[in-house]
Structure formats: structure tokens, C-alpha cells
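Subject: Structure for you to look at

Hello,

Here is the structure I promised to pass on. Please open it first, then read my notes beside it.

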Amino acid sequence: MTFPARIDVHQHIVPPVWAQTLAAQGLDSGGWAIPDWSPKSAIAMMDQQGIASGVLSVTSPGIHLGDDAQARDLARAVNEYGAEVVKDNPDRFGHFASIPLPDVDAAVAEAVHALDTLHADGVVLMSNARGRYLGDPDFEPLWAELDRRAANVFVHPAQPPMPLLPGTPAPLADYVFDTTRSALNLVLNGVMSRYPNVRVILSHGGGFLPYAAYRFSGLTSTVVDPDREAEDVLRDLKRFYFDTALSASPSALPALLAFAEPGHVLYGSDWPFAPQEAGTYYNHFLETYPDFTPGQAEAINRKSAEILFPRLAR
């Protein structure tokens, strides 16, 4: 089976100012070291992995490191850096802009600037913003602004507000947990039903959301909120898009494809925080999966992303 050149919606950028800021504060990415990155090395990886274009984002811990003023400045700096990378390589790269939540006013202002002036392809939000989840009522102005622009919103996991499991970096276990937690929070707080124009992409196959979706819908309608129908909860859960980064496995992929709406599964690599060897490992599962329906592999690799990112279509 042959595959078209992929659009990678989960590929990371390491702006020098961001890496330097983390180093100065003694921070890393949830126990994961910050790798070297350059446009040249990214393009070399993509050429080897059959990726035509990568939509770049800053990963956890994002750009809000505890100080609102610093976060505003850092967001602007990394977004301008990302915009320049895209400008220099418009066919190879897209860009999710970083947003300084939980500072809501600054987050709205930066989203507007990034989408309208820098022409970002969407925004990236951490799954929690300094311990506050994305369905927080105080974040409503940001969702309203993103909905007005029918924005693509990439939700990347962050360390949940709890200690790391000893000897276990957050990306290994806690990230899939926090993605699921954030997605359920968005649904239970009505964000996904109130703002139908945003396209929310969940990292890593949505954590364990596809596997547990019917647990969430059944218990919500019978225990948590009996006034809410299970089908309504499922409808909102199915509004999410999902990337395949670290998730195209023989156990996870069938659950994801059984749950996700057609066109809602997108290719992701998680490079460079997931090394190229990991990309090869998961690409093998994707390329040899025996149960794709006609056109499904092509949709995952490229066609579905072309609808969300028409600038990258060809």
C-alpha cells in the first residue's frame, strides 16, 4: 500500500527564546529534556518520514510559566518566530500560535494578533493552564473569540496539577490522562456544544477518551447530570479531532477508528520530543493496519488535514 505525503498536525518547534527561558528557570517538558531543533533538521526528518508539511507548536509547559507579563512577552516572541519559519518555508510548515492562558485578556489579544496579523493556522492550548482546565467558565471569552474565527485549536497535554509518578516522566503516563481530563471538562461544561465552529484537535489519539467514551456518556446521563441525554454527551465527544502521535498501535488504533467521526483522525508524529525512531515505530503500525476502509488511510495521512488547513492542500 502506498501513502500520500503526510500532513503532520502534531510536530513541535523549539524557539531559541523559549528554550533559553526554560533553561533559565530550571524547567523542562514534564521530565523530558528539550531537544535541539532547526527548520533544516525538521525538513530532513519529514523527507525521511514521508511528511510533506508539519504544523508546528510549542509543547508543554507552554509559555505561561507563572508570571503573566513574562507569558505575554514570551507568547509574542515564539509566535513571531514561528511565523518567520512558516514564511521561509510556506509549503513545509504551518503554525499553531501559543496563547498565554490563564491570563484571559492577554490570551484573547494574542489569539487575535496571531490569527489576524501573523496568519497562524490555529492556536495551541495546554490541557490545563496552571492547573485550570479548558472548560473553566473564566475562559469563555477566548472560546467565543476562537469560535468567531472558526479556529483550529490544538490541545496538547501538560503535567496535571499533581506530583509526577516517581521515576515516570509526565509524557509517558500523565499526558494521556490530562488530555482525557481536559476533553471531558470541555464537554461537561458545555464548551463543545456552545462553540460549534471551533475544530478542537486532541493529542495522542485523545488519550483514553475513545476507549472510555461510553463510560463518560452513560454515567453522565444516569449519575452526574440526569437531565442530559447520553447521546448528547456522545455527540459532543465526537466533535473532537484526534491525532495519531504515539497512538497508531494495534490496540489503540481500532478503538480510535471505531469512535472518531469520519475525517476526524489526523496524522501526528510528536517530533522531536518523540525521536524519529518512535515515529518509524508507529508509522509501521499505521502503514500495515489491515482494516482500513477504502480511502481511510489517505484521509488520515493527508486528506482530512487538507480540509482543516486548506493552505497546505495541493
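Two strands count as paired if DSSP finds at least two bridges between them. Helices (H or I, at least four residues) and strands (E, at least two) are DSSP runs, numbered from the N terminus.

Some ground rules. This is a predicted model, where local features need pLDDT of at least 70 and side-chain atom pairs count only at pLDDT 80 or more, while totals for chains, interfaces and linings use all residues. Residues are numbered from 1 along each chain as its sequence is written, and side-chain values use heavy atoms, with hydrogens and water left out.

**The sheet**

Start with the strands. Eight of them form an open sheet, in the order β1-β2-β3-β4-β7-β8-β9-β10. The pairing is parallel. β1 (6-12) and β10 (265-266) stand at the edges with a single partner strand each, so one side of each has no neighbour in the sheet. As background, strands of a sheet pair through backbone hydrogen bonds, either parallel or antiparallel.

Now look at β4 (residues 122-126). On one side, β4 pairs with β3 (residues 93-98) in the parallel sense, over three bridges. There, S98 stands opposite V124 of β4. The chain gets from β3 to β4 through α4, and this β-α-β crossover is right-handed. Right-handed means that, with the strands pointing away from the viewer, the path from the first strand over the helix to the second runs clockwise.

β4 also runs parallel to β7 (residues 152-156), joined by four bridges. L125 has V155 of β7 as its bridge partner. V123 stands opposite V153, also in β7.

Is β4 buried or exposed? Five of its five residues are buried. Buried means under 20% relative accessible area, exposed means over 50%, and partly exposed is in between (1.4 Å probe, protein chains only). In a regular strand the side chains alternate between the two faces of the sheet. In β4, G122, V124 and M126 are on one side, and V123 and L125 on the other. Both faces are covered.

**The cores**

A nonpolar core is a set of buried Ala, Val, Leu, Ile, Met, Phe, Trp, Tyr and Cys residues joined through side-chain atoms within 4.5 Å. The largest one here has 76 residues. W143, L146, L237 and F240 touch the most other members. Helix α4 (residues 104-116) gives the largest share of this core, six residues. Another core, of 15 residues, lies apart from it; V9, A305, L308 and F309 are among its members.

Take L146 as an example. Contact means heavy atoms within 4.5 Å. Leaving aside neighbours within four places in sequence, L146 is in contact with A111, L115, V123, A151, V153 and V198.

S203 sits in the loop between β8 (199-202) and α8 (209-224). S203 counts as buried because its relative accessibility is 0%. Residues up to four places away aside, S203 touches H10, F154, V155, H156, P157, T179 and D243.

**Pockets and cavities**

Both are found on a 1 Å grid over the protein atoms alone. In a cavity, a 1.4 Å probe fits but cannot get out; a pocket is an open set with protein on both sides within 12 Å along at least five of seven lines. Lining residues have an atom within 4 Å of a point. Grid points are joined across faces, edges and corners, and a volume is the space filled by probe spheres set on the points.

The largest pocket has a volume of about 480 Å³. Its lining has 25 residues, and S60, P61, H64, R130 and A158 lie nearest its centre. β4 gives the most to this lining, with three residues.

There are three cavities of 30 Å³ or more. The largest cavity is about 60 Å³ in volume. L246, Y267 and Y282 are among the residues that line it.

Most residues other than glycine have a negative phi, and most peptide bonds are trans. Which bonds are cis? One joins S60 and P61, with omega about 10 degrees. Another joins W271 and P272, with omega about 0 degrees.

H119 has a positive phi of about 60 degrees, although it is not a glycine. H119 is in the loop between α4 and β4, and is exposed at 59% relative accessible area. L246 also has a positive phi, near 60 degrees. L246 is partly exposed, at 33%.

Best wishes
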